[in-house]
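I opened my notebook to look up a few things in one structure.

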Amino acid sequence: MAGVDRISVTICFAEADHQEVIPLTVTSRTTVQQAIEQSGIMLRCPNASVSKENIGIYGKRVKLDQCLQDHDRIEIYRPLYKSPAEARRALAKQGR
């Protein structure tokens, strides 16, 4: 496609024992949702769930229809079963 700018982005999802990091080249007008679909991450990580509440770029939540910029890292967040404070208290109680 002549005249179409291409950008590089990364799609990330991590579970407790496994992580997927998928580099992807897309057109400059690609949205977060489109990049996630193009990456195939949902097939590789069936536990990943995409909604407006659990998607971010570099730790900041974004909308699924946001257009991407070169070198964006799209992160799919998983739900927390314990708050970080609860987890630290439990570890401290165990002496770790």
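Entry on the model. I noted that I am working with a predicted model.

Entry on β1 and β2. I looked up how strand β1, residues 6-15, sits against strand β2, residues 18-27, and found that the two run antiparallel. I wrote down 10 bridges joining them.

Entry on β1 and β5. I then asked in which sense β1 pairs with strand β5, residues 73-76. The sense is parallel, and the pairing covers four bridges. Here I noted Thr-10, which stands opposite Arg-73 in β5.

Reminder to myself on strands. In a regular strand the side chains alternate between the two faces of the sheet.

Entry on Thr-31. I found Thr-31 in the loop between β2 and α1 (32-39). Is Thr-31 buried or exposed? Its relative accessible area is 15%, and the cut-off for buried is under 20%, so Thr-31 counts as buried. Leaving out residues up to four places away in sequence, I listed what Thr-31 touches: Leu-64, Asp-65, Gln-66, Cys-67 and Leu-68.

Entry on Arg-88. I located Arg-88 in helix α3, residues 84-93. Arg-88 has a relative accessible area of 55%, and exposed means over 50%, so I put Arg-88 down as exposed. Last, I looked up Arg-88 and Pro-46, which are 42 residues apart in sequence. In space they are 29 Å apart, C-alpha to C-alpha.

How values were computed. Residues numbered from 1 in each chain as written. Predicted model: local features only at pLDDT ≥ 70, side-chain atom pairs only at ≥ 80, totals over all residues. Heavy atoms only, no water. Pairing = 2+ DSSP bridges. Buried < 20%, exposed > 50% of the residue type's maximum accessible area, 1.4 Å probe, protein only. Contact = heavy atoms within 4.5 Å.
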